[in-house]
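Please open the structure in a viewer and keep the selection tool at hand.

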Amino acid sequence: MTQPIQANKKRGRKTKPAEIAGLSVASMLLLSGCMVGPHYKRPAVVAPPTYRDAELVTKDPGGQASVADLKWSEVFKDEDLKALLAEAIKNNYDVRIAAQRILEQQAQVGVTKAQMLPSANAGAAYSAVGIPSGLLGNETSPKYYGGGFTATAAWNLDFWGLYRRQNEAARAELLATEWGRRATLSSIVINVASAYVQLRALDAQLEITKATLDSRKASLRLVSLRERTGATTMADVHQAEQLLYAAESVQPQLESQIRQQENSLSLLLGRNPGPIVRGKRNTEQPHPEEIPTGIPSQLLERRPDIQRAEAELVAANARIGVARAQFFPQISLTALGGTSTSQLNKLFDSSSSYWLANGAISQPLFAGGRLKNDLKAAEATQQEVVVNYQKTIASAFRDVSNALIVYQKSKEDRIAQEKQTEAASQSVKLARLRYDNGRSSYLEVLTNDTNLFSAQLNLASVQEQEALSLVQLYAALGGGWQ
């Protein structure tokens, strides 16, 4: 600053206050690159080389590819399910709420960023004053008129990075909100797919029940005919009726559950309760023998909940800088200028103009421990968010391992249940043959038929679980939001 001032003196003119203010501002800007507070560093995370039990579903547990890298439209092959998913992504209430939260946080970033910029205001005023003649001892009442324009500007210099840290925190919160939206998308995709699988399982159980009803009605007619011809007793008729009525009691329960499931699915789709279009049965859904899982370290970049937790950690880290900056002096520049005159024709004359420039610095001296405790709170919050970030990652690894073992064991369970159902079916045939030949009572038919009905319903449930396990594995690996 001294060289320009000396040069001006050599030229024989004084340095204007505006020039001095401009040079001061430039000097402040050069120094304003300092930001107090810690810079963000991702906490160390020990990721296992492979997921536990990954070898159960893939021949290459350490491979880079993962089924979660695929879009949901590539994972789910049922065209009707795809249409439902597309409708849910467009109309689901939670997805729409999440989109509005993004807009809210974007606006908040704009508000925070505005603190870093100068503010300016302009105004105009006009006044007229009439004084009573008796007050001044004059015969006439004097009148005074005044008017002018005023412009003010103010700028709080971000010398210690207070506003920049606030902006950093706001942007991190915006990123967390965006990852929250993606987590919502993933949740909706998984929930719709799961609800659809559950609906098709209920449909399958209803089909089994109706087929069983038809079979038991035919059996009751046959037993009744045998009783009328004296080939059997009324005890057998009543036992046949028990079988029929047991199946009949199941049908309304299933029909009620189907309606409720359709209503739940309609809510996910953002529509009023109504029928749902069906596509493939659960038994027709693809169940690949091998599913690539990728490596665990990729989960940190793919899972929306982990990304959101890290963005929240970045924001908490920046707030430490905000709290520390409160300990340092705050520097502000203000300027005021305008015109003022009692004669309207001289409003814009240079003789009517005025200006004022001011720089101020304030240093907190005593705040009753508020600043110190604000810093302690910010540091404690940051440590809490670190632990939450680590917990989120550990929970994600657990989710994947659980989904892997469930997927494999549900497949084994389905195979075993198919064998049990086939064995129960053969037992029913043999029991009916023995009964028709008079070698056993109808009680044996009743027992075996009841076992078959239960086995068929259980098989539909196991097939549902196998289809759901694929959906859950896809979600655990971080898929669904792409």
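Predicted model: local features only at pLDDT ≥ 70, side-chain atom pairs only at ≥ 80, totals over all residues.

Residues are numbered from 1 along each chain as its sequence is written, and side-chain values use heavy atoms, without hydrogens and water.

**The surface patch**

Select Tyr93, Ile97 and Leu267, which together form a nonpolar surface patch with about 290 Å² of accessible area. Accessible areas come from the Shrake-Rupley method with a 1.4 Å probe. Nonpolar side chains with over 30% relative accessible area are joined in such a patch within 5 Å. Tyr93 lies in helix α5 (residues 93–114); helices are DSSP runs (H or I) of at least four residues.

**The largest cavity**

A cavity is a set of points on a 1 Å grid where a 1.4 Å probe fits but cannot get out, and its lining residues have an atom within 4 Å of a point. The largest cavity has a volume of about 120 Å³. Select its lining, which includes Phe76, Lys77, Tyr196 and His287. Helix α12 gives the most to this lining, with three residues.

**The second largest cavity**

Finally, select Leu157, Asp158, Phe159, Trp160, Gly161, Leu162, Pro329, Gln330 and Ile331, which line the second largest cavity. The volume of this second cavity is about 40 Å³.

How values were computed:
Patch = residues over 30% accessible without salt bridge, like charges linked within 9 Å, V, L, I, M, F, W, Y side chains within 5 Å. Salt bridge = Lys/Arg side-chain N within 4 Å of Asp/Glu carboxyl O. Helix = DSSP H or I, 4+ residues; strand = E, 2+ residues; numbered from the N terminus. 1 Å grid on protein atoms, 1.4 Å probe; cavity = no way out; pocket = protein on both sides within 12 Å on 5 of 7 lines; lining within 4 Å. Points joined across faces, edges and corners; volume = space filled by probe spheres on them.
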